[in-house]
Amino acid sequence: ADQPQLRGVLLRTLGAVYESLGLYPQAEPLLTEALAQARSPRERALALLSVGRLRSMQGQYVEASARMQEALTLADAGEGVLSGSEMAELLNRYGISERLQRHLDASEALHRRELALRVRLNGAADPSTARAYYALAYIAYQRDQLLSAELLLKRTIEIYRRLGPNHSSLAGPMRTLADLYDEHGRQAESEPLYLSSLAITERIYGPDHPNVALQANNLGVSYYLQDRLDEALVYLNRALAINEKRLPPDHPELGNPNLNLGLVHLKRADYTEAEARFRKVLSLWTGRAPADDPNWGWVWWGLGEVCLHTGRKQEAAEWLHQAQQQWTQTLPAGREELSRVQASLEALSAAP
């Protein structure tokens with residue numbers, strides 16, 4: 001108690017351990033106390049980064065960005081407030097929080113600043129620099145700049161493989177590259193990446209960590225796209241069960257496995273269960289998920305399909321037009337989603 005600076009370091013460190021394990025309720029009071037006790041600009045900037053990172057993991061992205069913006073203002077105001085590696089970490093986490101709110105221009109600017117700093121500190125082929133490549137790859141992927149995304153992901157994986165063929169850092173970029181392949185019909189290339197990524201994540205964190213849930217969710221989507229629906233349900237239910245144990249009941253991340261389970265049940269013509277899942281996503285995402293997120297279109301399209309197949313034409317039309325408008329505004333022309341919703345509207349017109 002008589003060494004507040006040391007106490008702040010220990011609080012932040014222990015809080016970070018709990019956060020890494022997905023134990024957010026245990027991390028919360030430690031990081032909150034660290035922030036309350038921080039006195040110097042350096043201590044406050046580091047505490048703000050820690051709290052912001054936790055808020056991002058809890059799905060509270062607006063507050064996360066606010067905390068990290070305050071930390072960046074402190075760091076920019078005084079030379080030496082943060083070390084180069086600490087500044088790079090702040091830019092990385094702040095950029096991720098902005099990306100999760102679909103503020104892609106702001107996110108890209110932060111990650112480009114991060115990349116320049118990491119190259120200056122460690123060189124272009126250092127594993128820490130690969131974190132910036134990975135973040136920029138994710139932004140390119142979201143913008144449908146697929147060649148750029150693929151090249152950046154392969155560069156990231158190439159660097160991380162130098163740390164060992166099953167190094168923990170490989171899990172994220174391997175999964176993201178698998179997502180890219182999967183979305184464009186390259187399942188023969190995506191499945192081994194998904195399975196390797198899942199195995200690495202389970203080995204590091206154990207079977208019940210949120211990162212395992214993310215891997216299981218994406219593998220379940222891959223099996224859905226291949227019409228391997230029983231396998232899809234196994235992995236998607238596993239993802240949901242992990243997240244329900246670890247996250248608050250209103251966390252927006254719970255929407256992803258529910259949405260995907262709804263799509264699987266829709267394909268199985270289990271319309272009651274599908275509708276329940278889609279409506280659960282509505283309750284989780286309303287007021288939390290960005291309004292321009294294309295995934296809203298999947299929720300509305302799914303509800304439209306359910307209503308179409310259960311004889312509720314008027315309600316089906318409302319949902320399908322909402323999905324069409326969302327995808328028209330947020331996706332480039334020629335995307336499969338647009339032809340999918342158009343086919344649904346044509347089926348609605350032809351229905352008795």
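**View 1. His111 is buried in this predicted model.** His111 has 0% relative accessibility, so this residue counts as buried, the cut-off being under 20%. Look for His111 in helix H6, which spans residues 104-122.

**View 2. The side chain of His111 has a polar partner in Glu114.** Zoom in on the two side chains and you'll find a polar contact of 2.9 Å between them.

**View 3. Who else does His111 touch?** Leaving aside residues up to four places away in sequence, His111 touches Leu91, Asn92, Gly95 and Ile96, and also Ala132, Ala135, Leu136 and Ile139.

**View 4. Stepping back, the protein is built with 17 helices and zero strands.** Of the contacts between residues at least 6 apart in sequence, 57% join residues at least 24 apart. Buried residues make up 51% of the 352 in the protein, and His111 counts among the buried ones.

**View 5. The whole protein has a radius of gyration of 21 Å.** A compact globule of 352 residues would come in near 20 Å, so the value agrees with that picture. Along the principal axes, the C-alpha atoms fill a box of roughly 75 × 40 × 35 Å.

**View 6. Now for the surface and the charges.** The accessible surface comes to about 15,800 Å², and carbon and sulfur atoms account for 54% of that. There are 38 positive and 43 negative side chains, with the centres of the two sets 4 Å apart.

Terms used
Residues numbered from 1 in each chain as written. Predicted model: local features only at pLDDT ≥ 70, side-chain atom pairs only at ≥ 80, totals over all residues. Heavy atoms only, no water. Helix = DSSP H or I, 4+ residues; strand = E, 2+ residues; numbered from the N terminus. Rg over C-alpha atoms; globule rule 2.2 N^0.38 Å. Buried < 20%, exposed > 50% of the residue type's maximum accessible area, 1.4 Å probe, protein only. Contact = heavy atoms within 4.5 Å. Areas by Shrake-Rupley, 256 points an atom, 1.4 Å probe, with all protein chains shown as cover. Lys, Arg positive; Asp, Glu negative; His and termini not counted. Charge placed at Lys NZ, Arg CZ, Asp CG, Glu CD. Polar contact = N/O pair within 3.5 Å; in protein donor to acceptor, adjacent residues only side chain to side chain.
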